[in-house]
Amino acid sequence: MATEYVKFVDVTKCDGCRACMVACKNWNDLPAEPQDFLGSAQSHVKTTADTWNVLQYIEHENSKGGLDYLFRHSACFHCTDAACEKVCPENAISYTEFGTVVIDHEKCVGCGYCVNNCPFEVISLKEYVDKNGDKYRKANKCTMCTDRLEEGLQPACVTTCHTGAMEFGDKAAMIKKAEERVKQIKDRYPNAMVYNPQGVGGTHTVYVLAEKPSVYGLPENPKVPTSAVVWKDYAQPIGKMMIGATTMAVVGAFITNKIFSKKTNGHDEDGGESHE
Amino acid sequence: MVEINLNRRQFLKLSGATAATLAVVELGFDTKKAHAATKEFKIAKSTVTPTICCFCGVGCGILVHTKDNTVVYTEGDPDNPINEGKLCSKGTTIRQLYTSEKRVKKPLYRAPGSNKWVEKDWEWMYETIAKRVKETRDKTFVATENGLTVNKTEAIASLGGAALDNEECYLLAKMMRGLGVTYLEHQARI
Amino acid sequence: MGANPAENHPISFRWLTKAKEKGGKIVSVDPRFTRTSSMADIYAPLRSGTDIPFMGGMIKHALDNNLYHKEYVAKYTNASFIVKDSFTFEDGLFSGYDESKRAYDKTKWAWETAEDGKPVKDETLQHPRSVFQLMKKHYSRYDVDTVSKVTGTPKEDLLKVYEAFCETGQVGKSGTIMYAMGTTQHTVGTQNVRAFAIIQMLLGNIGMPGGGINAMRGESNVQGSTDFALLYDTIPGYLTAPKAIPEHATLAAYNAKETPPTGYQSNKPKFVASLLKAWYGPNATAANEFGYQYLPKGNKNYSHINLFKAMYEGTLEGAFLFGTNPVVGGPNAGKEKESLSNLKWLVAVDLWETETSAFWQESAGSNPAKINTEVFFLPACSSYEKEGSISNSGRWMQYRWQAIKPLGESKPDIEIIHELATRIKGLYKNEAGPQAAPINALYWNYGEGHHPDIDLVCKEINGYDVNTGKQVAGFAALKDDGSTCSGNWIYSGFYPEEGKNRSKNRDNKDTGMSNYLNWAFSWPANRRIIYNRASADPSGKPWSKDKAVIWWDDLQAKWVGNDVPDFVPTKAPTDPTGTDPFIMNKDGVGLLYAPTLNDGPFPEHYEPFESPIPNAFSSQELNPAAVVIEGDFNKRGFKADYPIVATTYRVSEHWQSGTMTRNQEWLSELVPHMYIEMSEELAKEKGIKNKDEVIVTSARGEVKAYAMVTKRFKPHKINGKNVHQIGMPWHFGYKGIATGETANRLTPHIGDANTTIPEYKAFLCDVRRA
């Protein structure tokens with residue numbers, strides 16, 4: 001395996017310019033989506049099938065009584081133990097040599113388990129129409145520009161970021177940098193922390209957050225649901241042996257919806273709910 | 001001929017990845033020397049031309065990737081010391097200046113009292129505008145005023161130009177002064 | 001201050017974040033907590049329109065606490081000049097005011113001169129009528145308590161800013177002030193910038209690396225279009241446009257009037273003659289004053305507001321618009337739209353259909369049948385579908401190569417201008433008489449065919465010897481005898497020899513102090529820091545080793561360093577004028593006291609045209625020399641009906657009137673709706689909830705938009721009372737992908753005393769739920 005890379009996002013250096021959002025659309029040829037007024041500078045509630053990263057804008061009264069205007073580039077975390085990969089009945093989701101998690105559209109059948117099981121709610125289904133006019137769905141999310149990585153280029157969002165809020169590099173070096181940065185900014189942001197949740201085996205997008213994860217609507221301690229582990233590691237292989245892959249997706253849909261029964265919260269932009 | 005190296009682009013040191021050094025001639029990069037991609041890569045075989053952002057006055061460098069008569073990608077110019085390859089949201093979007101459906105592609109004319117545009121050819125537009133300028137100018141031209149030679153018309157105005165190239169600004173200023181226009185204003189105040 | 005670089009000039013902010021990493025401090029002064037404020041070390045709110053009190057307090061703080069750079073102030077500014085006793089200042093008025101003309105007699109402000117015409121000085125700065133003492137007295141009134149009551153800035157925030165910024169008065173430290181339209185678009189806009197200049201000279205920050213006052217240019221080439229004089233009052237290279245006055249009756253008279261005896265401007269006649277040679281070619285001869293009489297001579301203020309007033313009153317018949325959209329971007333935009341229907345013809349050159357070119361449509365609220373304006377829309381191509389250069393905020397002239405052929409039938413503006421010029425000239429070709437003469441004399445020779453040869457244009461701008469055709473090396477080679485031409489003397493040197501266009505330079509090696517002398521070309525003479533003589537002490541040594549720009553080398557007997565000296569290269573510090581760094585000023589020093597401005601030699605606070613409170617500093621409410629336009633064209637609102645202060649601004653994702661960005665999907669998606677930002681306190685008073693639709697009204701019009709209720713706006717505490725302020729982006733109109741109502745329907749037609757820039761940034765309004 002090649003060196004493991006991570007995208008290091010230091011939100012305390014971000015000035016909210018949103019070049020990362022446009023760079024993503026530009027590189028990945030994603031269309032714009034009309035948006036309602038959200039009452040803040042934020043454009044989208046969360047990532048969608050056509051908007052793979054969203055800049056969060058949060059007005060936060062800090063522990064010193066001062067006002068912080070916090071920004072966060074939110075996109076797929078590329079978990080080391082990715083729930084989406086675990087629950088996919090078609091093995092359409094896989095890890096690359098870089099540690100990124102990608103969806104193979106050839107294999108994806110649009111069942112949506114990945115959408116329901118992502119602890120960070122970054123995956124969405126998009127509806128397409130084929131040449132016969134039939135509709136079909138595929139899951140979409142940030143690819144970490146794996147196609148660029150293969151050519152030796154960094155992700156488009158990182159490449160355009162002007163404040164140094166995003167870097168892409170060797171995993172160990174980036175994590176070390178993040179830890180040092182937290183020490184530097186403790187005076188300014190007493191709650192600052194490295195966000196690299198171990199419940200999902202660590203992530204390939206590592207943050208320095210200025211505040212607790214809940215301020216950003218992030219789960220404090222996200223985990224791969226036990227049921228997903230059971231599904232991927234036990235039920236699915238056995239099931240496939242017994243009844244064949246295609247039917248398995250149908251069975252899978254039933255089982256997944258039953259056993260994961262993830263509560264579907266309204267996507268408040270303040271977020272705040274924690275996911276287990 | 002200008003040599004442009006793209007060697008400051010942030011290439012990863014990945015096995016098998018080559019940091020491409022592209023040579024460029026004035027009117028675009030020499031695509032023969034561009035790195036050959038092993039598979040269909042978005043900017044493989046594109047022609048790369050350096051430009052400067054058209055929005056604010058910072059002057060960031062941008063590379064425009066063109067292929068098959070369209071713009072396939074735009075990105076920060078890593079060699080430009082002003083932005084070192086970085087861009088804001090606007091600079092990142094200039095690809096859509098070319099691809100936007102909203103661009104007007106033909107000259108349009110609206111007649112007095114009309115409620116619609118009519119497409120016209122350039123020749124007709126140039127000739128008709130030149131005539132209107134002459135009519136107005138001749139009717140309103142003031143050669144002398146209080147014994148001073150003033151050679152002006154105060155009935156024609158020219159506004160804008162802050163997004164034009166220097167060479168265009170120069171010719172526009174020269175033409176307008178040549179016509180005797182005094183109502184000459186660009187966007188410095190607005 | 002007066003700028004929001006993280007949002008409006010984001011890549012400039014990259015360098016601030018780098019400075020911060022090296023221990024620099026960022027101060028954000030803004031009525032609203034912005035994305036810039038979020039990254040700042042110190043944030044200080046202020047009420048829109050109170051920049052002079054804010055800076056006046058800083059000037060007083062620097063003087064009272066001895067934080068200024070004493071030697072710099074004594075040697076490099078006019079602090080030591082003795083002002084005549086005809087200068088007085090009383091209750092907000094400087095001497096020489098004529099109320100009927102709303103103008104001052106500036107001769108009352110002159111300084112004492114010796115028999116040789118040189119200023120009388122007191123370098124101890126103790127003379128009671130020295131500029132230094134007068135300044136001290138003037139700003140003694142700007143104590144921090146009074147300032148805080150006027151600006152609404154908490155006193156402790158004021159002091160934090162003052163202390164942090166005045167630290168840069170120490171040798172070895174630099175501070176810069178970045179400003180934009182938040183500073184200039186006021187009835188005291190010029191004096192706001194002057195206040196910055198005063199503090200920066202007091203702190204010794206002008207001519208220093210990392211210093212200066214930096215105008216953050218809003219358009220990619222507003223620097224170049226200003227340099228090239230797309231303005232009524234100048235001709236290229238900041239030469240005064242000839243006026244219809246006896247002092248400008250002839251070229252000789254013009255030169256006599258406009259040329260100072262000393263300083264670099266004493267070369268002006270060479271630049272004027274070379275410009276005339278560029279414009280009139282062989283038709284410019286010594287016998288006909290090089291064609292000077294062909295130039296139009298106006299006798300009024302033809303700037304934006306007055307231009308639209310003339311249109312409103314019906315005296316304008318035709319107009320050209322080059323990529324501009326005043327129906328969204330102009331002040332009191334409702335009136336500007338109305339004015340357009342008085343035109344007989346309108347030529348709009350743009351990439352997109354704009355609210356302005358479509359003003360006659362039903363969707364614009366117009367009745368097309370009643371509008372007789374003929375409209376010609378000429379589709380222009382974008383900047384990378386053609387080639388040419390632009391000049392950035394730092395005067396770097398960078399070339400843009402053509403990446404692709406123009407889309408559809410669109411054309412480069414240069415071709416459109418060229419075609420129009422040649423065709424208009426063609427119509428006059430066989431005519432004689434006063435109308436025809438200036439056009440027939442205009443030298444227009446840019447090659448055959450429809451597209452002009454841009455190299456020929458560039459060569460003419462740089463200038464050449466008209467006898468040999470050889471390019472001149474720079475403006476030092478220009479002559480006043482008609483033997484050279486140069487279309488813009490300040491750019492002379494960018495094309496010094498055949499085939500060498502220095503704006504195309506792409507060598508990005510740092511040549512020292514990040515000046516990148518071989519990347520692009522910076523006018524004048526490729527120097528990057530203007531007035532860099534001031535970065536060295538009077539003896540010619542850098543004030544500090546870390547901030548070395550240029551220095552005097554005794555052995556070589558010349559100035560050397562990391563930049564092109566902004567000084568005569570061989571003039572030693574021991575020369576009588578060897579310590580005068582501000583070479584473009586007559587006396588070679590910086591003007592703490594500027595008797596040349598229309599509204600006084602020192603910045604003084606006056607309230608905006610529309611203000612919720614009386615002026616705490618004097619009984620003069622409005623700048624006595626502001627350009628006031630009365631009547632229907634500029635209705636005025638008062639506190640009783642409109643108690644809330646309002647301002648306008650831009651966001652990172654849109655640009656100017658939005659024409660370029662609201663027609664692009666990805667940017668339209670990011671900021672899709674018009675909104676009004678207001679404090680939680682104001683929202684509560686008005687019963688407004690976040691995301692409600694609200695209506696904002698001013699004396700000029702009303703705008704419907706979404707409410708964005710935010711903690712980032714707080715009511716200002718003005719003299720113990722809450723004064724509310726709201727703000728809104730001015731990018732929106734009804735055309736394009738992202739649409740919304742136009743903020744400028746609210747703003748007034750009132751102008752600064754020196755520039756007539758409209759006061760967009762402080763006016764009164766009211767707000768209610770829709």
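Biologist: How many residues of domain 1 of chain A are in contact with domain 2 of chain A?

Modeller: The domain bounds come from an automatic or database domain assignment. For chain A they are domain 1 (5-79 + 153-216) and domain 2 (83-142 + 225-260). Residues are in contact if their C-beta atoms, placed from the backbone, lie within 7 Å. Domain 2 of chain A brings 14 residues, and domain 1 of chain A brings 15 residues.

Biologist: On that side of domain 1 of chain A, how many residues are nonpolar?

Modeller: Ala, Val, Leu, Ile, Met, Phe, Trp, Tyr, Cys and Pro count as nonpolar, Asp, Glu, Lys and Arg as charged, and the others, Gly among them, as polar. The side has two charged and five polar residues, and its nonpolar residues number eight.

Biologist: Which pLDDT do local features need here?

Modeller: Residues are numbered from 1 along each chain as its sequence is written, while chains are lettered from A and ligands numbered from 1 in the order in which they are written. This is a predicted model: totals for chains, interfaces and linings use all residues, side-chain atom pairs count only at pLDDT 80 or more, and local features need pLDDT of at least 70.

Biologist: Which strands of chain A stand at the edges of the four-strand open sheet?

Modeller: Strands are DSSP runs of E with at least two residues, helices are runs of H or I with at least four, and both are numbered from the N terminus. Two strands pair if DSSP finds at least two bridges between them. This mixed sheet of chain A runs β8-β1-β10-β9. Two of its strands pair on one side only: β8 (166-170) and β9 (193-195) of chain A.

Biologist: Which residue in the turn between β6(A) and β7(A) has a positive phi?

Modeller: β6 (124-129) and β7 (135-140) of chain A are antiparallel partners over six bridges. Ser124(A) stands opposite Asn140(A). The two strands form a hairpin with five residues between them, and a positive phi of about 85° belongs to Gly133(A).

Biologist: Now chain B. Why is one side of β3 and of β5 left without a neighbour in the sheet?

Modeller: The open sheet has three strands in the order β3-β4-β5, with antiparallel pairing. β3 (47-52) and β5 (70-76) of chain B stand at the edges, so each has a single partner strand.

Biologist: In β4(B), which residue is the bridge partner of Val48(B)?

Modeller: β3(B) and β4(B), residues 61-67, pair in the antiparallel sense over six bridges. For Val48(B), the partner is His65(B).

Biologist: Which helix of chain C gives the most to the side that touches chain B?

Modeller: The contact takes 105 residues from chain B and 132 residues from chain C. Ten residues of the chain C side come from the top contributor, helix α17 (residues 413-428) of chain C.

Biologist: How does α4(B) lie relative to α17(C), roughly parallel or roughly antiparallel?

Modeller: Axes are lines fitted to C-alpha atoms, for helices over the stretch in contact, with angles from 0 to 180 degrees between N-to-C directions. Angles under 35 degrees count as roughly parallel, over 145 as roughly antiparallel, 65 to 115 as roughly perpendicular and the rest as oblique. The axes of α4(B), residues 166-179, and α17(C) come within 9 Å and cross at roughly 20°. α4(B) and α17(C) are therefore roughly parallel.

Biologist: In β13(C), which residue is the bridge partner of Tyr109(B)?

Modeller: β6 (108-110) of chain B and β13 (374-379) of chain C pair in the antiparallel sense over three bridges. In β13(C), the partner of Tyr109(B) is Phe376(C).

Biologist: How are α14(C) and α16(C) oriented to each other?

Modeller: The axes of α14 (304-312) and α16 (333-340) of chain C come within 8 Å and cross at roughly 45°. The pair is therefore oblique.

Biologist: Which residues of α14(C) make that contact?

Modeller: α16(C) contributes Lys335(C), Glu336(C), Glu338(C), Ser339(C) and Leu340(C). From α14(C) come Phe308(C), Met311(C) and Tyr312(C).

Biologist: How far apart are the C-alpha centres of domain 2 and domain 3 of chain C?

Modeller: Chain C is divided into domain 1 (5-83 + 121-215), domain 2 (532-581) and domain 3 (632-769). Between the centres of domain 2 and domain 3 of chain C lie 49 Å.

How values were computed:
Contact = placed C-beta atoms within 7 Å.
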